[in-house]
Structures are given as C-alpha cells and as structure tokens.
Amino acid sequence: MDMLNQILNMNAGGAYGGGKAGGAFDPLSFAMKPQVVIRALCWLFSIVVFGCISSEGYREEDGKEVCLFNKDNMACKYGNTVGVFGFIASIAFIVGEYLFERMSSVKSRKRFVLADMGFSAFWAFMYFVAFIYLWSQWSSAEMPPGGIGAGNMQAAIVFSLFSILTWALCAFLAYKRFLIGAGDEFTSAFENDPANVVHQQAYTSYSMDNDNDQYSASPFSGQQQGMEQQNMEYQQPTY
C-alpha cells in the first residue's frame, strides 16, 4: 500500500519529479524509489524469460535442434531477443535513474523521461506480442518426452505476462513525470525567494518613479517659464 501511495503521489520537488541536482546520494532511498523497484522487476523477469528458453527451449530431433514451442524456432528466437534486450534496457534505465538526480539541465531530464516513456510503452507491447506468440505455439505443441523443458516454457510464458505489467507501469510512471514537468517547481521557487521579491519590488518602485517623473511635467514647461520671466523683467525703453 505504501508503494502504491508513492507511485500515485510521486513528486520529489525537483524538475520532472526528481530531486534537486547536487543533493547527497542515499543508497537506501534510491533503492526504494518506485522507478528503481519496478525496473528491477523488469530486469528479473527478463532473466527468467530468456534463461528458461535458452536452457531448455530446444531439443534434438533427427539431428537438428527444434524449439519446444511447436517446433517453431522463431518463437524461441523472439522470446530470447525480447528477454535479452529487456535485460539490457533495464540495467541502462537503472543507471539513468541514478544519473537523473544529478542532471542540472531541465532539457536533459525531459529527454530521459520521454525516452523512458516511449521505450517502456514499446517494450510492454513487445512482451505482449511475445506472450501471445509463445502461448499460442505452446498450446499447439506436443508435450516433450518425459516433460523435460515443459516447466521452463510455461515459466517463460507466465513471466512474459508479468513483464507486460511491469513495463507498462514504468511507462505510466514516466508519463506522470512528464505531466509534472518543470514549470511549477521553478516558478514557485523563484516567486518565494526573498531576494527575488526585494529585487522585484525595487524594480517596480523605480519604474513607477520614472514614469511619474516622465509624465508629470512637460519637457518644454521649464523653457516656457524661463521665457515668461525674461519678458516680465525686460521693460521697453521710453523716449
């Protein structure tokens, strides 16, 4: 329940839902972040998928290795490919999550969030295809002799289903980060900074004083008053 509340109320106070750059690194807090926990599950499930298929996904028949998924070698290759790339991508995004807190550039954070959201959604779809593909081929396949490898094939199918959920959740978390953005955090920080308030008030006062001085009197009024005084002091000589 606590994890669910963290996911639904994710806001660390910095740009795009992350902490402010330059803060101290806390390994325990980092390991408990929802993004890291879910990404670690993606990493684990990927190991199970390609590990099960690689270890017992093939059997020898007539001198050739055939896939247990209804002798469709493409099914085994596709399952392995999705699992291996999911494994690599999970590690890459965990490292990126570590660097995310140290990104001082808002644009860099935005690019990472967009990459996370796009790739996670795409890989959830890839696992969805893998689940349908493997499940349909396994339901049509003959049971291997002695049931060897059947448990691994079923585990690959089940963990492909779990991977759909975890990768989709990663995409959802990235989408929430994208909605948070950078505007609210930095705008409120600027407006609430006492130094900025003092400078803003000084600038406003200076602008108002300049406006009053500029428009209160005409620039030619001084010259007109001087000419009037000269006319009054000058008297025409009498003859």
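This is a predicted model: local features need pLDDT of at least 70, side-chain atom pairs count only at pLDDT 80 or more; totals for chains, interfaces and linings use all residues.

Reader: What makes the link of Cys67 and Cys76 a disulfide?

Author: Two cysteine sulfur atoms count as a disulfide within 2.5 Å. The S to S value for Cys67 and Cys76 is 1.8 Å, so the pair qualifies. A search of the whole structure finds one disulfide. The link of Cys67 and Cys76 is right-handed, with 75 degrees about the S-S bond.

Reader: Why are strands S1 and S2 said to pair?

Author: Pairing requires at least two bridges between the strands. Strand S1 (residues 58-61) and strand S2 (residues 64-67) are joined by four bridges, and therefore they pair. The two strands run antiparallel. Glu60 stands opposite Glu65 in S2, while Glu61 has Lys64 as its bridge partner. Two residues lie between the strands of this hairpin, in which Asp62 takes a positive phi near 55 degrees.

Reader: How do you know that the span of helix H4 agrees with its number of residues?

Author: Helix H4 comprises 28 residues (residues 73-100), and at 1.5 Å a residue these should span 40 Å. The end C-alpha atoms of H4 are 40 Å apart, so expectation and model agree.

Reader: What makes Asp72 a cap of the N-terminal end of H4?

Author: A side-chain oxygen of Asp72 lies 3.1 Å from the backbone nitrogen of Met74. The cut-off for a polar contact is 3.5 Å, so this pair of atoms falls within it.

Reader: How many cavities of 30 Å³ or more are there, and which residues line the largest cavity?

Author: The count comes to one cavity of 30 Å³ or more. The volume of the largest cavity is about 40 Å³, and so it passes that threshold. Its lining consists of Gln35, Val36, Arg39, Phe93, Ile94, Glu97 and Asp116. Helix H3 (34-56) and H4 each supply at least two residues of that lining.

Reader: Which kinds of residue make up the lining of the largest cavity?

Author: The lining divides into three nonpolar, one polar and three charged residues.

Note on methods: Residues are numbered from 1 along each chain as its sequence is written. Side-chain values use heavy atoms; hydrogens and water are left out. The expected span of a helix is 1.5 Å times one less than its number of residues. A polar contact is a pair of N or O atoms within 3.5 Å; within protein, one must be able to donate a hydrogen and the other to accept it, and residues adjacent in sequence count only if both atoms are side-chain atoms. On a 1 Å grid over the protein atoms alone, a cavity is a set of points where a 1.4 Å probe fits but cannot get out, and a pocket is an open set with protein on both sides within 12 Å along at least five of seven lines; lining residues have an atom within 4 Å of a point. Grid points are joined across faces, edges and corners, and a volume is the space filled by probe spheres set on the points. Ala, Val, Leu, Ile, Met, Phe, Trp, Tyr, Cys and Pro count as nonpolar, Asp, Glu, Lys and Arg as charged, and the others, Gly among them, as polar.
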